[in-house]
Amino acid sequence: MTIEDRQQDIISQFSDIDDWMDRYAYIIDLGNELPPLPEELKTPDRLIEGCQSRVWLDARLKDGKVDFRADSDAIIVKGIISMLVEVLSGHTPQEILDADLHFIKDIGLSEHLSPTRSNGLVAMVKQMRAYAAAFKAKTQS
């Protein structure tokens, strides 16, 4: 599945939910489905700077594709990072760097987040792209 396919799946899932309280509940459910990050990976170097809540992001390159794992101590944020992990995991560093993550806007999430959560979302995307750039540079050297 491409990044675009995964985004369209998320957009489709949200299209059936009109009420924003229900959408938040669904985002929380997505976070609850995120596999737990092992405690030994919840280290300061994996914390995303710029997030009000604590968000840990782990990335590994396997067979040329980036595998992301994440966790958060905030339920809404955990749901948001779970969507980003779903969309970007399993793709090459270049695909991640080239991706237009429009699903965030398309589902209306960007306009329903507080400024601090919006900043955190930007920080999460930035960190995922930074991992992709680092893996790309490493494989080209």
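**Close-up views of a predicted model**

**View 1. Asp-67 in strand 2.** Asp-67 is a residue of strand 2. The model shown in this and the following views is predicted. With a relative accessible area of 25%, Asp-67 is partly exposed, since that class lies between the limits of 20% for buried and 50% for exposed. The side chains of Asp-67 and Lys-62 form a polar contact of 3.4 Å. Apart from neighbours within four places in sequence, Asp-67 has contacts with Asp-58, Ala-59, Arg-60, Lys-62 and Ser-89. Ser-89 is 22 residues from Asp-67 along the chain, yet their C-alpha atoms are separated by 4.9 Å.

**View 2. Ser-72 in strand 2.** Strand 2 covers residues 65-72 and includes Ser-72. The relative accessibility of Ser-72 is 8%, so Ser-72 counts as buried. Two backbone atoms lie by polar atoms of the Ser-72 side chain: the oxygen of Arg-54 at 2.9 Å and the nitrogen of Ala-74 at 3.1 Å. When residues up to four places away in sequence are not counted, Ser-72 touches Ser-53, Arg-54, Val-55, Trp-56, Val-77 and Lys-78. Ala-59 is 13 residues from Ser-72 in sequence, and the C-alpha atoms of the two are 15 Å apart.

**View 3. Lys-78 in helix 3.** Lys-78 belongs to helix 3. Its relative accessibility is 18%, under the 20% limit, and Lys-78 therefore counts as buried. Residues up to four places away in sequence aside, Lys-78 touches Gly-31, Leu-34, Asp-71 and Ser-72. Gly-31 is a residue of helix 2 that is itself buried, and Ser-72 is in strand 2.

View 4. Helix 2 consists of 14 residues, 20-33. At 1.5 Å a residue these should span 20 Å, and the end C-alpha atoms are 20 Å apart, which agrees. The buried residues of helix 2 are Trp-20, Arg-23, Tyr-24, Ile-27, Leu-30 and Gly-31. Viewed down the helix axis, these residues fall within an arc of 115°, so they line one face of helix 2. An α-helix has 3.6 residues a turn, so residues three or four places apart point the same way. Met-21, Asn-32 and Glu-33 are exposed on the other side of helix 2. The cover over the buried residues includes helix 1 (3-15) and helix 3 (75-88). At the N-terminal end, helix 2 is capped by Asp-19, with a side-chain oxygen 3.1 Å from the backbone nitrogen of Met-21.

**View 5. Packing of helix 2 against helix 3.** From helix 2, Tyr-24, Ile-27, Ile-28, Leu-30 and Gly-31 take part in the contact. Their partners in helix 3 are Ile-75, Ile-76, Lys-78, Gly-79, Ile-80, Ser-82 and Met-83.

**View 6. Packing of helix 1 against helix 3.** Helix 1 and helix 3 have axes that come within 8 Å and cross at roughly 140°. Helix 1 and helix 3 are therefore oblique to each other, because roughly antiparallel requires an angle over 145 degrees. Helix 1 contributes Ile-3, Arg-6, Gln-7, Ile-10 and Phe-14 to the contact. On the side of helix 3 the contact is made by Met-83, Glu-86, Val-87 and Leu-88.

**View 7. His-91 between helix 3 and helix 4.** His-91 is located in the loop that runs between helix 3 and helix 4 (93-98). The relative accessible area of His-91 is 4%, so the residue is buried. Its side chain forms a polar contact of 3.3 Å with the side chain of Glu-95. A polar atom of the His-91 side chain also lies 3.4 Å from the backbone oxygen of Met-1. Neighbours within four places in sequence aside, His-91 is in contact with Met-1, Thr-2, Ile-3, Arg-6, Gly-64, Lys-65, Val-66 and Ile-96. Among these, Ile-3 and Arg-6 also take part in the contact of helix 1 with helix 3.

View 8. Glu-49 is part of the loop between helix 2 and strand 1 (55-62). Glu-49 has a relative accessibility of 75% and so counts as exposed. Between Glu-49 and Ile-96, which are 47 residues apart along the chain, the C-alpha separation is 20 Å.

Notes
Residues are numbered from 1 along each chain as its sequence is written. This is a predicted model: local features need pLDDT of at least 70, side-chain atom pairs count only at pLDDT 80 or more; totals for chains, interfaces and linings use all residues. Side-chain values use heavy atoms; hydrogens and water are left out. Helices (H or I, at least four residues) and strands (E, at least two) are DSSP runs, numbered from the N terminus. The expected span of a helix is 1.5 Å times one less than its number of residues. Buried means under 20% relative accessible area, exposed over 50%, partly exposed in between (1.4 Å probe, protein chains only). The arc is that of the directions from the helix axis to the C-beta atoms. Contact means heavy atoms within 4.5 Å. A polar contact is a pair of N or O atoms within 3.5 Å; within protein, one must be able to donate a hydrogen and the other to accept it, and residues adjacent in sequence count only if both atoms are side-chain atoms. Axes are lines fitted to C-alpha atoms, for helices over the stretch in contact, and angles run from 0 to 180 degrees between N-to-C directions. Angles under 35 degrees count as roughly parallel, over 145 as roughly antiparallel, 65 to 115 as roughly perpendicular and the rest as oblique.
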